[in-house]
Structure formats: structure tokens, C-alpha cells
Amino acid sequence: MWREAWQEVCASHADKPAQLAEGIDEHPHRCLVDRFRLIQVFRNLFDNSFAACENEVKVRINVAEVDDGRSIRVFLRDDGSGMSEEARERLFEPFFSTRTRGTGLGMTIARRIVDAHGGEIALVSTSPTGTEFSITLPRSQPH
């Protein structure tokens with residue numbers, strides 16, 4: 001799903017060089033999700049990466065099994081400018097944005113989509129050399 005989202009975002013930012021690196025093993029990491037909605041989550045994260053990176057955009061994806069294999073966790077890290085203290089505190093707040101364009105709803109919607117899947121999206125770390133998010137999703141849907 002992230003590959004599809006990556007292609008869409010790269011097409012809309014064709015003027016900026018971009019690189020996606022994947023750190024995944026041969027083991028299939030599958031879970032039951034609404035494909036359209038998860039692509040929306042990845043698209044939002046990638047859009048934010050493009051906004052945070054001044055020159056070439058470099059994003060790294062890693063996937064790990066967690067909870068004794070009951071869930072998967074996707075780590076997404078960019079090499080952008082990081083986030084301010086205010087941005088970290090208000091990240092998932094509706095209508096908050098550090099960008100001049102947009103509604104400030106992207107991360108709020110991303111959180112709601114992941115929550116609806118019984119998962120969690122979180123800011124793992126941020127520094128002047130990049131930001132990392134994790135998305136944890138159960139392999140099966142909550143009842």
C-alpha cells in the first residue's frame with residue numbers, strides 16, 4: 001500500500017527528487033485493512049515528508065512483527081527538518097498545521113483511520129535530521 005501511496009505523492013511532486021528505501025524481509029507482513037484508507041494514511045505521511053525536506057526527499061520504511069506476531073508495526077522515517085515542540089504537542093489536533101496550504105486535518109484523519117482498524121499511529125522521534133512515525137496494525141480486525 002505504501003508503494004502505491006509513494007507513487008501518487010511522487011507524481012504530484014515531480015519537481016523534487018525522492019527516494020524510498022524499504023527494510024522488509026521476505027516474510028509476508030499482512031493484515032486485514034481497508035486498502036483505500038491505509039493508502040490515504042501513507043499518502044498523508046509522505047506529503048508531510050515532502051514538505052519537511054528542502055532538497056531530495058529520503059524516506060525509509062521498516063516493518064516488524066510485534067505482540068507475538070499478532071500485529072505488525074510499520075516505521076516510516078524521513079530526513080526532513082524535524083518538528084517543533086508545538087508541532088509535536090499538537091500533531092493530531094484538528095486544524096493544526098505548520099504548512100501554509102492544507103486544512104490541518106491530515107494527521108487527525110490518519111489517526112482516526114488507524115484507530116478504526118484497532119491500531120495505533122505514533123510519533124516515534126523527531127530531530128533536525130528527520131522524523132519517524134510508527135503505525136501498528138493488528139493482523140485481524142477487532143470485533
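Okay, let's start with serine 84: its side chain reaches the backbone nitrogen of alanine 87 at 3.1 Å. That's a polar contact, meaning a pair of N or O atoms within 3.5 Å; within protein, one must be able to donate a hydrogen and the other to accept it, and residues adjacent in sequence count only if both atoms are side-chain atoms.

Quick housekeeping: this is a predicted model, where local features need pLDDT of at least 70, side-chain atom pairs count only at pLDDT 80 or more, and totals for chains, interfaces and linings use all residues. Residues are numbered from 1 along each chain as its sequence is written, and side-chain values use heavy atoms, with hydrogens and water left out.

Back to serine 84, which sits in the loop between strand 3 (71-78) and helix 3 (85-90). Those are DSSP runs numbered from the N terminus: helices are H or I, at least four residues, and strands are E, at least two. Serine 84 counts as partly exposed because its relative accessibility is 41%; buried is under 20%, exposed over 50%, partly exposed in between, with a 1.4 Å probe and protein chains only.

So what about serine 71, buried or exposed? Buried, because it comes in at 7% relative accessibility. Serine 71 lies in strand 3, and its side chain makes a 3.0 Å polar contact with that of aspartate 67.

Last stop, helix 2, residues 35-52. At its start, a side-chain oxygen of aspartate 34 comes to within 3.2 Å of the backbone nitrogen of phenylalanine 36. The buried residues in helix 2 include Leu38, Phe42 and Phe46.

Technical notes:
Expected span 1.5 Å × (residues − 1).
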